[in-house]
Amino acid sequence: MRTGRNRSRDRHPAGRRGKASRNPNEEVSEISGSQQNPTPPALPHDPPPPRSRKGRRTLTALLVLGLAGGAAYGYRVYSDQMAGMPDVDDVSASSARQQSELVDQEDLRIMQIRAKQESDVAGGGSAAAQARTPRMLNSANGRTLMLPQRREPYYVAELAKLAGQDFQKQSDGSYLLRVNVMVGAGGKLILQSSTGPLTIRMRSVPGSFTSIVSTGGNVKINGSAQNPVHITSWNDETHRPDTRVDDGRAYIRAIGGSFTMTHGEASDLGFWSGRTGGVALTGSDRPDSSAEPTGQAVPPRAVALPGGANDGTRGGRETVEVAIAGKAGGNTFRVPASSLVTGQIDNSTFAGNAYGVFVTAANQTQLSNLTIRDSLVHGVLLHRFAKNATIENTKVSGSRGDGFVLSRGTEGVRISNCTSEGNGGNGFTLNGQPFAEGPSASGEATTAFGQNLVSSSIARNNRHYGFEVLGGNDVAIQNNRVSGGEMGIVAREMAARVHIAGNQVRDADNQGIVLRDGVTAATMSGNIVTGTRTALYVRDSSGTIRGNTVQSATRHAITLKGKVKGSVITGNTFSGAGRGPTDYDRAVGTYQSKDNNTTNWDETVGLKTWIKRIFKPMNVIWGSVFLLVVISMFRSRNAGLRIGRLGVHPYEQQTAVEERPVRLLRHDVPKEPIRR
């Protein structure tokens with residue numbers, strides 16, 4: 001048995017204990033009985049001189065920090081390619097509340113002025129005579145110069161006389177508008193200049209802004225290539241255009257009637273809503289005038305009743321017959337329906353408006369040769385019941401939202417030779433979904449909308465999709481070019497008879513052409529998809545996919561997923577490198593896939609694809625972190641005696657305890673005799 005063990009008696013320098021330290025080479029003994037044991041010699045405490053690693057450590061730290069910083073910068077550029085552009089909904093709660101209240105106040109002002117004007121005209125007498133002359137009307141929401149119906153148009157020179165100090169020419173040749181202008185039913189306002197360019201600055205300061213609104217009248221901004229017309233908001237306190245929208249901003253709006261703009265420029269106009277969004281063409285749900293006698297009777301019509309009988313009725317969609325009760329026949333009156341606005345805008349520029357161009361309740365609107373940039377919401381928005389419109393040779397760029405939007409209720413719209421580039425949402429959005437899916441408070445119809453076409457256009461580097469089709473019938477996306485974005489062309493939300501043909505889709509991040517979420521009877525033919533992960537993607541939809549060409553796909557040429565019953569995939573050419581040309585493992589239902597050319601598909605992952613998969617920004621960042629750990633591990637390996645790196649032996653201030661000999665204690669007990 002060993003009773004002695006090594007332990008440290010003093011782990012602190014002798015100076016801290018107030019007494020001199022012992023030399024570790026001296027013999028230390030303690031009396032135990034009459035024996036003393038010498039202390040074993042201590043370990044050598046003269047370490048080798050430490051090696052300088054300061055330069056190596058600095059170089060390593062700089063290398064790791066450089067890798068991490070570069071990876072972080074790359075990730076930021078990759079994930080926030082358009083970080084400088086705020087989202088459409090990037091609005092504070094207080095600003096949203098204030099802007100919406102201002103829109104309500106504008107609606108109320110227009111309603112009050114319009115009602116006063118029409119009631120005075122209908123009432124006759126002196127009030128009607130006064131209403132037929134230009135006059136200034138005051139309301140709680142501002143002053144309005146009313147321009148009523150007359151034979152001659154109103155021009156800029158007369159507008160300056162009528163408005164007085166509220167519309168005067170400035171020293172730089174521009175005009176500053178300080179009052180709201182309303183063109184009544186039948187009135188006509190022409191803004192043009194034959195002596196040089198015309199600039200109209202609409203006063204827009206915190207708490208007050210102006211507008212030009214027509215209610216059934218005609219507004220014509222008539223510029224030329226030599227003498228264009230420029231209309232902008234203006235803060236006469238800062239002498240700059242108004243770029244803030246939280247306190248409202250000047251705008252132009254046509255309610256019914258007609259609007260024409262040629263060689264014009266509208267900049268920094270509008271706020272919050274479409275009707276106050278900058279340049280807005282909106283229809284009216286109120287007739288422009290009262291009923292007028294037609295002078296001819298309307299033949300009766302037979303209306304079938306549930307019992308089989310017929311009920312004779314007179315009148316029509318726009319006519320009403322008035323007769324004495326109990327007697328047949330009477331006078332027929334024509335009652336105008338809601339007034340749809342008509343508009344034509346050509347060779348014009350829109351910059352920095354809330355909406356570039358907003359159109360709703362319109363018929364046969366024509367937009368051509370336009371440049372629209374930096375809109376706060378969408379570039380071109382055709383809202384409800386904008387029908388039979390034509391959009392040609394128009395470029396939209398830098399919008400926070402989508403470039404072109406065909407909202408629910410639009411039908412018969414043709415878009416051709418247009419460009420949508422660098423927008424925060426989709427390049428083109430075509431929404432044909434019904435207003436309601438069942439009974440609703442407003443009693444909207446449940447039918448879908450459609451018959452819209454986009455052809456020979458370009459969608460380039462938009463943040464979301466190039467094209468997105470949301471529901472609708474008979475929608476065609478033909479002969480377009482799409483590059484960049486999350487996906488190229490996407491049709492979803494139970495769209496029917498969507499025709500996607502002759503398009504070129506290149507470098508979409510995820511998928512090229514997509515049918516998903518209930519699309520039926522779709523046709524996808526003659527398209528060329530290049531440089532995407534999955535070129536053609538079908539999920540829970542059905543259609544005919546014929547004659548498409550896939551190049552340089554990095555995952556699959558085509559993927560079928562979910563319920564794809566009735567789909568036909570034939571006559572396509574698939575090339576690329578990835579897991580396989582087709583991915584049908586998750587498809588449900590009966591489909592056909594035949595006569596597709598996959599000879600140029602390489603199922604081994606190429607170097608480019610491997611690099612894209614491995615060297616992603618987040619992977620580089622974490623790899624840099626692990627590299628730092630590994631480098632630290634290698635640097636801490638024992639290249640020599642570790643105890644000498646600090647220049648002080650770790651056991652210098654310690655002494656060894658003696659080892660005492662083992663003593664065997666025996667106690668002799670006398671043996672007892674054995675008794676038998």
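What share of the contacts in the chain with a separation of 6 or more comes from residues 24 or more positions apart? I looked this up first: the share is 60%, with contact meaning heavy atoms within 4.5 Å.

A note on sources: I am working with a predicted model, where local features need pLDDT of at least 70, side-chain atom pairs count only at pLDDT 80 or more, and totals for chains, interfaces and linings use all residues. Residues are numbered from 1 along each chain as its sequence is written, and side-chain values use heavy atoms, with hydrogens and water left out.

Next, the overall tally. I found 7 helices and 52 strands (DSSP runs, H or I of at least four residues and E of at least two, numbered from the N terminus). Of the 676 residues, 41% are buried, that is, under 20% relative accessible area with a 1.4 Å probe, protein chains only.

Then I turned to the cores (buried Ala, Val, Leu, Ile, Met, Phe, Trp, Tyr and Cys residues joined through side-chain atoms within 4.5 Å). The largest has 88 residues, and Phe259 and Leu536 have the most contacts inside it. Helix H5 (residues 156-163) gives the most to this core, with 4 residues. Beyond its neighbours within four places in sequence, Leu536 touches residues including Ile513, Met524, Val550 and Phe574 by the contact cut-off. A second, separate core of 12 residues includes Leu102, Val103, Ile113 and Met182.

Last, I checked helix H3, residues 93-123. Among its buried residues are Leu102, Val103, Glu106, Arg109, Ile110 and Ile113. Just after H3, Gly124 takes a positive phi of about 75°.

Key. Expected span 1.5 Å × (residues − 1). Buried < 20%, exposed > 50% of the residue type's maximum accessible area, 1.4 Å probe, protein only.
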